[in-house]
Amino acid sequence: MPAVNHGPGHPGLASSPAPAPASDSPPASSPAPASRKVVLEPEEIRRALTRIAHEILERTDGGAGTVLLGIPTRGVPLAQRLAERIEQVEGRPIPHGSLDITMYRDDLRLRPARALGRTEVPAGGIDGAIVVLVDDVLYSGRTVRAALDALNDLGRPRSVQLAVLIDRGHRELPVRPDYVGKNLPTSKQEVVRVMLTEVDGADAVLLGRADSEGRE
Amino acid sequence: MNRHLISAGDLTRDDALLILDTADELAQISDRPIKKLPTLRGRTVVNLFFEDSTRTRISFEAAAKRLSADVINFSAKGSSVAKGESLKDTALTLEAMGADAVIVRHSASGAPQRLAGWVRGTVVNAGDGSHEHPTQALLDSFTIRRHFGRSASSRAGAPGAASPGSASRVPADGALDGLRVTIVGDVLHSRVARSNVLLLHTLGADVTLVAPPTLLPVAVGSWPCSVSYDFDSALPKSDVVMMLRVQQERMNAAYFPSVREYSRRYGLDAARMAQLPDQAIVMHPGPMNRGVEIAAEVADSARSTIVEQVANGVSVRMAVLYLLLGGAEGES
């Protein structure tokens, strides 16, 4: 999906006077302004993740040989939360980590170079594993394409599945999620913003107009 | 950050930290079976080397190739430069071939600056005369940061906590505040020293230069560091000792009575190394004159980071190339 759903990449080397991205310095401007509507409350996010965790267990035979990889920024805490829930149910830990896809993006040349996220593959690697990619919002599908390329350089999983908290439609590539927290019909002029306690200080999913973001 | 990297002094603290953080992530690539990223596919990087170099040229070449850029190596020997072609004409030739970045090393201070005015692509200074060598300074800071537990990965691993012994001095952003770095030797001819002083100062380290008076530049008083002529008194107050090569090839006068005398007063041997604090490290940008500025037993000791510096060079240069070429900025 396009960068707008991730919240800001870092302004990086651009010497533009743009202020630091909101995600790095939470509340200041984050609490929903009038133009944004809350579409998921913290409780609903919690239930959606619990359901996805159970679905993953069903589809992967109790999580055997499964690795959860979150896509930075907000896919990482989501993968972490899913791993905790799976451990609560199954009583054994499930390997999880993060997969940064910045270097594999297809729109690198459209924006100034951005800071990289962290890639942490669990010790066992991903060869022969069922890899579940975890992200916050599925939109164009371009992030997932980049993630598949990145996985290819790390090893050869037995299969790759996709879990997202929000599917907002408007695919530009043949990509389909295996686990969805909520299908959210949107127009392209709208912006979906996922906020998570680990990154933004609070849990919420907001729907706003693009012009209030000034991006996209 | 500018479109070019000419001087370490052009980097703000945020620029420098972004490069070091990016290098931290890119360092993981060298542990993978497939050491390659598609990021600079279709971009052309020219290594334009008018002066001999082993590690810097190979390091830049490896960095560009790991990012999938096309690399053209140009060395002055065997080229039209030997027939008298000027720097400007060489630059225009490269321009016509569509170079997106030119990595330049030249014996004349200021050559990369001139080049930047002639080509549309990005210019990266890989060492100009006795002026600057910014990527060496970046890789030195990267190495220091890793050793003192201030890189992004170690910060992420232990939030709030810190490496033993330096708990109160670790800043949140991974800079080098409060670390004491002593740079020893031929400062006068050293582009490494100049770039390091500028960058280390930007990152908050306390830098002391130690050299015989004849091997200090006239204007050293205006540099953001302190100066000492006495190596032994500086040793116990150093977290990092960076030894510089005595650059015989640039010396056209007698700067010290004899190599033995230089070595006795300003060389780092085992006895001097024993005076260092426990956590201190010994650095050298290479190539080393073993037995002159650094004793073999010191260069091969556990405190020496010399081999590590070379490995880190590739990660840091990947970060520089990615940040200068990877985005839209370079196209404007």
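The legends below describe close-up views of a predicted model.

Local features are reported at pLDDT of at least 70 and side-chain atom pairs only at pLDDT 80 or more, while totals for chains, interfaces and linings use all residues. Residues are numbered from 1 along each chain as its sequence is written, and chains are lettered from A and ligands numbered from 1 in the order in which they are written.

**View 1. Overall make-up of chain A.** Chain A holds 5 helices and 8 strands, where helices (H or I, at least four residues) and strands (E, at least two) are DSSP runs numbered from the N terminus. Along the sequence these elements follow the pattern β-α-β-α-β-β-α-β-β-β-α-β-α. Of the 216 residues in chain A, 42% are buried; a residue is buried if 20 or more other C-beta atoms lie within 10 Å of its own, exposed if 12 or fewer, and partly exposed in between, with C-beta atoms placed from the backbone. Among the contacts in chain A with a separation of 6 or more, 69% join residues 24 or more positions apart. Two residues are in contact if their C-beta atoms, placed from the backbone, lie within 7 Å.

**View 2. The open sheet β1-β8-β7 of chain A.** This sheet has 3 strands with antiparallel pairing; two strands pair if DSSP finds at least two bridges between them. Strands β1 (37–40) and β7 (190–195) of chain A are at the edges with a single partner strand each, so one side of each lacks a neighbour in the sheet. On average, neighbouring strands of this sheet are turned by 30 degrees against each other, direction ignored. Axes are lines fitted to C-alpha atoms, for helices over the stretch in contact, and angles run from 0 to 180 degrees between N-to-C directions. Strand β8 (residues 204–209) of chain A runs antiparallel to β1(A) and is joined to it by 3 bridges. A:V38 has A:L206 in β8(A) as its bridge partner.

**View 3. The contact between chains A and B.** The contact involves 20 residues of chain A and 20 residues of chain B. On the chain A side, 11 residues are nonpolar, 3 polar and 6 charged. Ala, Val, Leu, Ile, Met, Phe, Trp, Tyr, Cys and Pro count as nonpolar, Asp, Glu, Lys and Arg as charged, and the others, Gly among them, as polar.

**View 4. The largest nonpolar core.** This core has 146 residues, of which A:L82, B:V102 and B:L321 touch the most other members. Helix α12 (residues 306–325) of chain B gives the most to the core, with 10 residues. At least three residues come from each of domain 1 (8–132 + 311–331) and domain 2 (136–305) of chain B. A nonpolar core is a set of buried Ala, Val, Leu, Ile, Met, Phe, Trp, Tyr and Cys residues joined through C-beta atoms within 7 Å. Not counting residues up to four places away in sequence, B:V102 touches B:V46, B:L48, B:L94, B:L115, B:V119, B:G121 and B:V123. In soluble globular proteins, nonpolar side chains tend to be buried together.

**View 5. Domain 1 against domain 2 in chain B.** The two domains of chain B are domain 1 (8–132 + 311–331) and domain 2 (136–305), with bounds from an automatic or database domain assignment. Their C-alpha centres lie 25 Å apart. Domain 1 puts 21 residues into the contact and domain 2 puts in 24 residues. On the domain 1 side, α1 (13–27), β4 (122–128) and α12 of chain B each supply at least two residues. Helix α1(B) gives the most to that side, with 8 residues. By class, the domain 1 side has 8 nonpolar, 7 polar and 6 charged residues.

**View 6. The open sheet β7-β6-β5-β8-β9 of chain B.** This sheet has 5 strands, and the pairing is parallel. Strands β7 (226–228) and β9 (281–283) of chain B are at the edges, each pairing on one side only. From one strand to the next, the twist averages 25 degrees. Strand β6 (residues 206–210) of chain B runs parallel to β7(B), and 3 bridges join the two. B:L209 stands opposite B:V227 in β7(B).

**View 7. B:V184 in strand β5 (residues 180–184) of chain B.** B:V184 counts as buried because 26 C-beta neighbours lie inside 10 Å. Leaving aside neighbours within four places in sequence, B:V184 is in contact with B:V210, B:A211, B:F231, B:V241, B:M242, B:M243, B:L244 and B:Y266.
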